[in-house]
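Q: I would like to learn how to read features from a structure. Please show it to me first, then take the features in turn.

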Amino acid sequence: MSLDDWSLIMLHGADSLKFLQCQLTCDVLSLEINRFSFAAHCNAAGKMLSNMCVFHHIEGIAFIERRSICDSQSTALKKYAIFDNTTIYVDNKAVLLGIAGFQAPAALGSLF
């Protein structure tokens, strides 16, 4: 299935993991290379601004979140990224696909 309603946001730089560790609700620093984690991004009062799926991507880290909030969330994160060695950008050319169902793990087993 196509995931047209989702966006891919990527972070690159030496401080990317440390930066996200302070911004998200999951333990980004202990995230294994071949795993993912669901997380939330909250404001200072603890109100959830967005939820996402975080994972290692190429030589950095990335997350997918709803396209409808992508611009506002990436802008909010970029305000704090200036203090760390990290670059945040939205990959608008990425094609996101999903597979679901009981046999999904078997179908993907030979690929991953």
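**Rings, cores and a pocket**

A: A search of the whole structure turns up one aromatic pair. Rings of Phe, Tyr and Trp (its six-membered ring) pair if their centres lie within 6.5 Å; planes under 30 degrees apart are stacked, over 60 edge-to-face, and the rest tilted. Here the ring centres of Phe36 and Phe38 are 5.4 Å apart and the planes are at 80°, so this pair is edge-to-face. The model is predicted: local features need pLDDT of at least 70, and side-chain atom pairs count only at pLDDT 80 or more, while totals for chains, interfaces and linings use all residues. Residues are numbered from 1 along each chain as its sequence is written, and side-chain values use heavy atoms, with hydrogens and water left out.

Q: Is Phe38 buried or exposed?

A: Buried means under 20% relative accessible area, exposed over 50%, and partly exposed in between (1.4 Å probe, protein chains only). Phe38 has 62%, so Phe38 is exposed. Phe36, at 48%, is partly exposed.

Q: Which residues of helix H1 are buried?

A: Helices (H or I, at least four residues) and strands (E, at least two) are DSSP runs, numbered from the N terminus. In H1 (residues 16–23), Ser16, Phe19, Leu20 and Gln23 are buried. They span an arc of only 90° around the axis, so they are on the same side of H1. The arc is that of the directions from the helix axis to the C-beta atoms.

Q: Which residues have the most contacts inside the largest nonpolar core?

A: In soluble globular proteins, nonpolar side chains tend to be buried together. A nonpolar core is a set of buried Ala, Val, Leu, Ile, Met, Phe, Trp, Tyr and Cys residues joined through side-chain atoms within 4.5 Å. The largest has 17 residues, and Leu11 and Val54 have the most contacts inside it. Its largest share, three residues, comes from H2. A second, separate core has seven residues, including Met10 and Phe55.

Q: How much space lies in the largest pocket?

A: On a 1 Å grid over the protein atoms alone, a pocket is an open set of points where a 1.4 Å probe fits, with protein on both sides within 12 Å along at least five of seven lines; lining residues have an atom within 4 Å of a point. The largest pocket holds about 930 Å³. Among its 20 lining residues, Phe36, Cys53, Phe55, Ile64 and Leu97 are the closest to its centre. E3 gives the largest share of the lining, five residues.

Technical notes. Grid points are joined across faces, edges and corners, and a volume is the space filled by probe spheres set on the points.
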